[in-house]
Amino acid sequence: MFTEAIEKILADLCTPARVRAVENGDGALALWRALEDGGFLQLLTPESQDGAGLSLAALFPVLLAFGRHALPVPAAQSIAARALMQGCSQQPPAGMLSLAGSSHSDAEGGVCVPRLAYGMLAGHVLVNRGGDLLLLDCSLARREPVGVHASQCATLYWPRDAVGTPLGSNGEAVRLFAAAIHAASMAGAMERVLDMTLAYCNDRIQFGKAIGKFQAVQHQLSVMAEQVAASRMAAELAFASEQAVPAMIPVAIAKARTSMAVPRVTATAHALFGAIGVTEELDLQLFTRRLHEWRVSEGSETWWNGQVGQALLAQPHMTACEFVRHVTESTIA
Amino acid sequence: MSSLLDAFRLTALPAHAEAFRAEVKRFLRDHLPTVSADVRARSWTGFDAAFSRKLAQRGWVGLTLPSAYGGAGLDAFSRFVLVEELLAAGAPVAAHWIADRQSGPLILKFGSEAQKDFYLPRICAGQAFFCIGMSEPNAGSDLASVRSRATPGEGGWRLNGRKIWTTNAHHADYMIALVRTSGAPEDRHHGLSQFIIDLKQPGISVRPILDLAGDAHFSEVAFDDVLLPHEALVGEEGSGWKQVNAELAFERSGPERFYSSVVLLDLWADTLRRHGASAAETALLGSFISQLASLRSLSVALTALLARGESPVVEAALVKDIGTEFEQSIPAAIAAAISAAPDTPIDDELYRTVAYLNQVAPTFSLRGGTREILRGMIARGLGLR
Ligand SMILES: Cc1cc2nc3c(=O)[nH]c(=O)nc-3n(C[C@H](O)[C@H](O)[C@H](O)COP(=O)(O)OP(=O)(O)OC[C@H]3O[C@@H](n4cnc5c(N)ncnc54)[C@H](O)[C@@H]3O)c2cc1C
């Protein structure tokens, strides 16, 4: 099946060693070329334009797989950016594209995107500037690392003359896509963290038996599995529609629910791995560092839950059950 | 990925089930007794035989049972819809709940033709209310250690022993009990059988037990040399453990495992609409919805498996454990929110509903199997142990 093929490609291409190398500034381009050659970037592009013409629902397992492999390049963002630029007069630029759901403008008309996902690597970024859709060239920006160890985020500043005119007024769609991608990435990364922790608990012997035989450990793993199942379900909801862009409330639910799970899942995994879990050498950190970053990027659960709460309160007589049902039903294609 | 989680795939309720929803809503508009929220919060522990009979007259008790037995012959998806609407409305459904959810399906699956012919039409007519006799004073989580014993003899079986925490035993017509028919408690899962017991028989005494909120929804039942006819045995002798386990996927996967506090959730949302909501309250409300949306989809995914005739017991344990954690968190968080400013008045009905739910919320993760037991099952399903 398609997802299995992708899983295999990513397992070969995006090894933990490769992820570490890219984080150290080495090898991103080769990885990118391979994804480009594999047709990954055209997954949402219509078949009439030589793309794969996937629906969002069909894209979802691919994004989960990206998360499961801690893919260190903005492939998901680039796929979405190309879709968001459908119908723009301008062709999407070649190379790595990232997404910025929010930005600040300064008094002189310059634009700042704080902690842009993959900001260390991106060649261009689609930016939401108060509802306007901007395409900004990162080579014209001042690029500052955020100073968090091994993070690929960067804060970018564009002077006014590098900003140009908006491509459209669908800037908010960037926010939705960016948040939905983080939700899917988190769901995938949490699946991986669960698998790694399960395997470790079956292997690690203390007191003469595998630590996974201790009830206290088992119960923590069960709770972790619940959180992972709930997260994945919420993330899938964001991608269930037949629309071109994930819809507001499903995205809010997806981003909020996955973000809520991150502190529990990462804390449990690290607790069960013991000291080895916090070492550079163990692959766990490749995932837990990203999970913390994605949880807060594009708004944490506090912000997105606030959006969900407002939407419910705006409906004068709707019950919680009706609201949830309506969102689910009107989303699933 | 761990294959346990593969069962959970986003699934839409089919159109026929959604079409059925409109009928259910109309029925509830016409027939739901108007009572205050703290009474509605009792939902599936609220007993109202008249309401259950009205549902039965409408054809909606024994919803999944074949029409040959008086059932509605609808599928698990339609039942999901019916149950969801009943719970969301806080309808008093306890009287028929157990018969509809598990006793009827159990008799259909394991019962003899004569048992099916006798019990199923009565269940569907709302004339046979059931209770589940599993727990005993010394056999709670360790269910296999039950000591109630039926001994074969003249004219059937002689039953001695006690059951406890039996929901609705004092209102029910029949109990399906798990008892030992051979061997000793050390034999564990072997030698257990299930009987359908007519609770009006001589030798049975039922003592309701008052709970901390002033309600008596469960009872202690004593069996003193009760004569059970041969036909009381349901399924095969010695297969009780297997049969009980087949019930569990029905018992644990449904929306009643995350909707127990939904009446309060709606009441609080209405209060926020009227008096305004702070950013923190709005986000808290939203967090309930985000969790509910994902729980509901998990439950629908299991409904799809039930509809295909599968028995996702471990998956159901997972949904129940995370679902009950959610429904327990609602009254705790709302209590803090409505009392955050001592000078702000609190609506009396809201206060009573929060208080009631905080008192009974511990039961959410006890009834139907405790949190610790479920987590053990999930761990095994994950390949540990
Ligand atoms: C409202 C309500 C309705 C009920 N209705 C029914 C009904 O209709 N029919 C029926 O048969 N029963 C019913 N029950 C009983 C219910 O199934 C039991 O309460 C439950 O199985 C736990 O048994 P127990 O109360 O004896 O607790 P115990 O089994 O004694 O457990 C006490 C504590 O010890 C923990 N524990 C036990 N064993 C282990 C272990 N191996 N590892 C770790 N921790 C463990 C438990 O998780 C719990 O925290 C009902 C209970 C309630 C609260």
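Domain bounds here come from an automatic or database domain assignment. On that basis I looked up chain A of this predicted model and found domain 1 (1–88), domain 2 (93–167) and domain 3 (175–332). The C-alpha centres of domain 1 and domain 2 of chain A lie 21 Å apart.

Conventions I kept to: residues are numbered from 1 along each chain as its sequence is written, and chains are lettered from A in the order in which they are written. Local features need pLDDT of at least 70, side-chain atom pairs count only at pLDDT 80 or more, and totals for chains, interfaces and linings use all residues, while side-chain values use heavy atoms, with hydrogens and water left out.

**Entry 1, domain 1 against domain 2 of chain A**

I looked up the contact (heavy atoms within 4.5 Å) and noted 18 residues of domain 1 touching 15 residues of domain 2. The buried area, meaning the accessible area (1.4 Å probe) that two parts lose on being put together, summed over both, is about 1,400 Å², and carbon and sulfur atoms give 72% of that. A:Pro74, A:Gln77 and A:Met85 supply 34% of what domain 1 buries here, more than any other three residues.

**Entry 2, chain A against chain B**

I then turned to the two chains, where the contact takes 51 residues from chain A and 51 residues from chain B. About 4,200 Å² is buried between them, with 67% from carbon and sulfur atoms. Within the area that chain A buries, A:Glu226, A:Met233 and A:Leu313 supply 16%, more than any other three residues.

Across this interface I noted 3 salt bridges, and the side chains of B:Glu325 and A:Arg264 meet in a salt bridge at 2.9 Å, N to O.

How values were computed. A salt bridge is a side-chain nitrogen of Lys or Arg within 4 Å of a carboxyl oxygen of Asp or Glu.
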